[in-house]
Amino acid sequence: MSASPLAGKRIVLGVTGGIAAYKAIEVSRRLVDAGAHVVPIMTEAAHHFVGTTTLSALASEPVQTELWHNATSPIPHTFVGQGADLIIVAPATAKSIAAYRMGYSHDLLQNTLIATRAPVIVCPAMHTEMWEHPSVVDNIAVLRSRGVHIVEPESGRLAGGDEGAGRLASPESIVAAAERVLGPADLAGVSVVVSAGGTREPIDAVRVIANRSSGKQGYAVAAEAAARGASVTLVTTVSLPTPQGCRIVPVETAAQMQAAMEQAAATHDVVVMAAAVADFRPAQVAEGKLKKRDGAPKIILEPTPDILAGLGSNKRVGQVLVGFAAETDDLVANAQSKLDKKHLDLIVANDVSAPGVGFAHDTNAVTLLRPDAEPVEIDLASKRDIARVVIDAIIALRDAR
Ligand code: CTP
């Protein structure tokens with residue numbers, strides 16, 4: 001199985017003095033989990049917000065702050081930056097952004113930033129007024145024009161109870177940006193649409209028929225495709241954190257998902273149906289709420305459209321169509337028949353009755369089936385690792401054409 005593009009990479013994590021500094025610890029943990037060697041640098045001001053002990057413990061080596069009397073090297077101002085594969089500044093305050101723009105190398109982090117040829121990701125976090133101030137806007141534009149990657153802040157609650165744009169991007173988004181920068185851009189210029197989550201079919205104004213799909217595997221496929229340079233549309237019934245760089249189309253029912261997928265399939269190069277679409281829905285939706293006093297209702301079900309089969313019949317030349325199969329028995333035979341009937345290029349089959357597999361888990365174990373090829377079994381792995389294998393298979397299919 002291909003490893004994360006972060007595995008074995010030396011990543012300097014610069015933490016500057018903002019409230020969001022505590023989130024840098026989670027960023028560090030995730031980078032280390034992905035196999036990176038994390039070199040943490042804190043500015044003087046960052047010490048007001050987080051202690052060195054936690055960050056040192058969750059990074060790969062102790063925190064460095066000092067330009068002088070540095071135990072790691074007699075020349076830390078160049079040593080750290082020269083050895084880096086990537087530098088991430090998270091959070092980046094207005095002051096640190098201004099210093100970087102000017103090349104004002106007053107501390108170890110700023111020296112490292114200008115003594116490196118490695119790519120740099122800056123993750124700003126500040127109050128809305130500061131984020132929108134012309135000086136910050138200008139500094140960000142200059143950094144961008146120099147090829148610095150900016151992970152834009154999100155909107156939400158800020159320190160002191162304020163609301164607005166300026167909150168540090170989620171650790172997930174920051175790590176995804178790192179994967180994008182260091183990973184192969186082997187889906188650059190390719191458009192991918194992924195469906196995710198279980199559809200919900202209304203019974204009345206408050207009740208639905210749902211299923212146990214969490215959407216996690218679909219989100220992982222979308223995140224991996226985006227990390228590898230694709231432009232990604234995610235048609236989803238759930239509201240997990242939006243993977244960096246994906247366009248979200250929210251839907252709820254099979255009918256809404258069908259409309260969204262058919263529209264997207266007309267323009268996208270790769271179509272992945274990871275959603276668990278309800279096969280049946282109430283033939284009639286009661287207006288308002290059904291009352292208990294009227295007794296248990298008889299619900300007549302009707303079939304929903306098979307979205308994937310429809311996409312298979314209308315597949316455009318060169319388009320890659322991928323389905324998922326949730327099975328509890330005869331995994332390969334059942335998935336094979338779906339692959340054939342729905343005219344798919346690839347089906348990702350999982351035995352949802354096995355431990356740690358499928359719904360709601362963070363792990364999955366799958367078998368990949370392609371027409372005219374032997375099934376490939378992938379043992380239990382994180383959903384992101386499974387997504388990596390699925391994207392590898394999609395690229396192999398495209399290359400073979
Ligand atoms: N699918 C779809 N529309 C449906 C049902 C399923 O597009 N109404 C898609 C799913 O998104 C998945 C694939 O078809 O990619 C297989 O779904 P699955 O639930 O495993 O199989 P079904 O075709 O529904 O057959 P069964 O439930 O009998 O196993």
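Modeller: Happy to! This is a predicted model, and the chain exposes about 18600 Å², with carbon and sulfur atoms supplying 53% of that area.

Biologist: What share of the residues is buried?

Modeller: Of the 401 residues in the chain, 51% are buried. The word applies to a residue with under 20% relative accessible area.

Biologist: How many helices and strands are there?

Modeller: The chain has 13 helices and 19 strands. Its C-alpha trace spans about 75 × 55 × 40 Å along the principal axes.

Biologist: Let's take one residue. Why is aspartate 204 called buried?

Modeller: Its relative accessible area is 3%. Buried means under 20%, so aspartate 204, at 3%, is buried. You will find aspartate 204 in the loop between β9 (201-202) and β10 (208-209).

Biologist: What makes the pairing of aspartate 204 with valine 206 a polar contact?

Modeller: A polar atom of the aspartate 204 side chain lies 2.8 Å from the backbone nitrogen of valine 206. The cut-off is 3.5 Å, and 2.8 Å lies within it. The side chain of aspartate 204 also has a polar atom 2.9 Å from the backbone nitrogen of leucine 290.

Biologist: Which residues does aspartate 204 contact, leaving aside its neighbours within four places in sequence?

Modeller: Those are Val285, Ala286, Gly288, Lys289 and Leu290.

Biologist: And why does alanine 71 count as exposed?

Modeller: Alanine 71 has 84% relative accessibility. Exposed means over 50%, so alanine 71, at 84%, counts as exposed. Alanine 71 sits in the loop between α2 (52-58) and α3 (76-82).

Biologist: How far is alanine 71 from aspartate 351?

Modeller: From C-alpha to C-alpha they are 53 Å apart in space, and 280 residues separate them in sequence.

Biologist: What is in the largest nonpolar core?

Modeller: That core has 36 residues, and those with the most contacts inside it are Val192, Val194, Val232, Val272, Leu346, Leu368 and Ile394. Helix α13 (residues 383-400) gives the most to this core, 9 residues. A second, separate core has 33 residues, including Val15, Ala125, Val151 and Ala177.

Biologist: Which residues does leucine 346 contact, beyond its neighbours within four places in sequence?

Modeller: Among them are Leu321, Val322, Leu339, Leu368, Val390, Ile394 and Leu397.

Biologist: Now the ligand. Which residues come nearest?

Modeller: There are 16 residues around the ligand, and Met273, Ala275, Leu308, Lys338 and Lys342 come nearest. The shell divides into 10 nonpolar, 2 polar and 4 charged residues.

Biologist: How much of the ligand does the protein cover?

Modeller: On its own the ligand has 570 Å² of accessible area, and the protein covers 78% of that. Two or more residues of the shell come from each of α11 (307-313) and β16 (320-327), and β16 supplies the largest share, 4 residues.

How values were computed:
Residues are numbered from 1 along each chain as its sequence is written. This is a predicted model: local features need pLDDT of at least 70, side-chain atom pairs count only at pLDDT 80 or more; totals for chains, interfaces and linings use all residues. Side-chain values use heavy atoms; hydrogens and water are left out. A residue is near a molecule or strand if one of its heavy atoms lies within 4 Å of it. Accessible areas come from the Shrake-Rupley method with a 1.4 Å probe; for residues, only the protein chains shown count as cover. Ala, Val, Leu, Ile, Met, Phe, Trp, Tyr, Cys and Pro count as nonpolar, Asp, Glu, Lys and Arg as charged, and the others, Gly among them, as polar. A nonpolar core is a set of buried Ala, Val, Leu, Ile, Met, Phe, Trp, Tyr and Cys residues joined through side-chain atoms within 4.5 Å. Buried means under 20% relative accessible area, exposed over 50%, partly exposed in between (1.4 Å probe, protein chains only). Contact means heavy atoms within 4.5 Å. A polar contact is a pair of N or O atoms within 3.5 Å; within protein, one must be able to donate a hydrogen and the other to accept it, and residues adjacent in sequence count only if both atoms are side-chain atoms.
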